Amino acid sequence: MDYSAQRLAHGTRREQGSMFLIPDRAQPECEHLMKRIPSMKKRKDWSCSLIVAALVGAFGSSFLYGYNLSVVNAPSQYIKTFYNDTWEKRQGHSIDENTLMLLWSVTVSIFAIGGLVGTIAVTFIGKVLGRKYMLLVNNAFAILAALLMACSQEAGSFEMLILGRFIMGIDGGIALSVLPMYLNEISPKETRGSLGQVTAIFICIGVFAGQVLGLPEILGRASLWPYLFGVIIIPALVQLVILPFLPESPRYLLFEKHDQNGAKKAFQTFLGKMDVSEEIEEALAESRVQRNIHLVSVWELLTRRSARWQIITVIITMACYQLCGLNAIWFYTNNIFSTAGISTERIPYITLSTGGIEILASVFSGLVIERLGRRPLLIGGFGLMALFFGILTVTLTLQDKASWIPYLSIVCILGIIASFCSGPGGIPFILTGEFFQQSQRPAAFMIAGTVNWLSNFAVGLLFPYIVIKG
């Protein structure tokens, strides 16, 4: 069997799974032979540059998104006090409860409006700057937002805090559109799912970091809460320093800049090998197919029959990603645990358990996604969330009936978070990159991002009012 035939046989066996049967007695011998034939091994190209690009890109992008989801939770009472004091100095009287709730809801939810603006901006300037330079320019928004929010109390202006949240949302919108595209285009097929989960893992790490820094012993105090927002500048500076030394996406260079030499060097750097002829030929084959195809607009993609089911799938998964209720838990963790009957002193420390569970579940998903596939993790995750939400509804209703019921509520919340992060927390971003061709991806990510951020805005704005009505 020649080399190409070996690769074809290996690929067929790997894709067909159980359809390719080997008698039990022959399996050890077959496995022994496969170990002796290099082309029959399942190879994963994890180069140092690929890992650094994923970690640095995610630290300066999705980490900040996750951090800004949870960072407003711990200092919420101090921020409301700041709003009231500022209002009283300006107006001569305390702010009324309805106005305070509206200001607080806007502070939380305007992050999503900024995210929508950032998502739209990617469509217009992403093809000019490329993936890497879009991530680098995006750090300017993070630095500006950090300075505004950190100085808001000293300046006596809650408008600076709200504006900073809006600008930070722009950063998040750009990051969650560009980073998955960048990781999808620099990674080999064998590791694309695992590498794509880096986005979700760093979102969870960001959420956990916001919870840790928000503890009363660290920055969760009346005099220090502005620094919770100021530390945002650190991941942005790290990305600004390291990312310029890494290549641009090879597929962007090949398809949109027509730079074959640049694409070859980028493939060599990210794959850690000199012979990238197979990858170049594969990309060129896709390029030849799309040579006469211009970048598809959002409207063209929405009206294209061949992409209908892909679009429907992405819209549903992205809407469920936000509307499943997990962002409400991140935004308003303290309120939820207080409603469940947990004492105020214990809440900050119980909150840490939610962050730890998020990280463990997202890492688990990254390890098994290539083995189990996207669909089982997505459907299984949402199914378990529905089960735990049902039990949580019962425990919250009966929380006064027994002393142990509030702790069952905590278990349900942890179960909801673990179920979400094991599949639904990262797979929608991966699907958006995998479902569409190169010419369709920018429009597809804009559609997915628009649904994502509008749903996020609805949850952040309406959840406090739903709790009151309830």
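These questions and answers set values from a predicted model against the definitions behind the words.

The model is predicted, so local features need pLDDT of at least 70, side-chain atom pairs count only at pLDDT 80 or more, and totals for chains, interfaces and linings use all residues. Residues are numbered from 1 along each chain as its sequence is written, and side-chain values use heavy atoms, with hydrogens and water left out.

Q: How many helices and strands does the protein chain have, and what counts as each?
A: The chain has 23 helices and zero strands. Both are DSSP runs, numbered from the N terminus: helices are H or I with at least four residues, strands are E with at least two.

Q: What makes the span of H9 close to the expected one?
A: Helix H9 covers residues 192–213, which is 22 residues. The expected span is 1.5 Å times one less than the number of residues. For H9 that gives 32 Å, and the helix reaches 32 Å from its first C-alpha to its last.

Q: Where is the kink in H9 centred, and how is such a bend defined?
A: The kink is centred on Thr 199 and is about 25°. The bend is the angle between axes fitted to the seven residues ending at a residue and the seven starting there.

Q: Why is Phe 229 called buried?
A: Buried means under 20% relative accessible area, exposed over 50%, and partly exposed in between (1.4 Å probe, protein chains only). Phe 229 has 0%, so it is buried. This residue lies in helix H10 (residues 225–230).

Q: Which class does Thr 317 fall into, and why?
A: Its relative accessibility is 6%, so Thr 317 counts as buried. It is found in helix H16 (residues 308–323).

Q: Why is Ile 357 neither buried nor exposed?
A: Its relative accessibility is 27%, so Ile 357 counts as partly exposed. Its place is in helix H19 (residues 347–372).

Q: How do you know which residues Ile 357 touches?
A: Contact means heavy atoms within 4.5 Å. Leu 414, Ile 417 and Ala 418 meet that test, not counting residues up to four places away in sequence.

Q: What makes the pair of Phe 63 and Tyr 67 stacked?
A: A search of the whole structure finds eleven aromatic pairs. Phe 63 and Tyr 67 form one, at 6.3 Å centre to centre and 20° between the planes. Rings of Phe, Tyr and Trp (its six-membered ring) pair if their centres lie within 6.5 Å; planes under 30 degrees apart count as stacked, over 60 as edge-to-face and the rest as tilted. So the pair is stacked. Both residues lie in helix H4 (residues 62–70), four residues apart.

Q: What makes Arg 90 sit over the ring of Phe 158?
A: The rule asks for NZ of Lys or CZ of Arg within 6 Å of the ring centre and within 35 degrees of the ring normal. The charged end of Arg 90 is 4.9 Å from the centre and sits over the ring.
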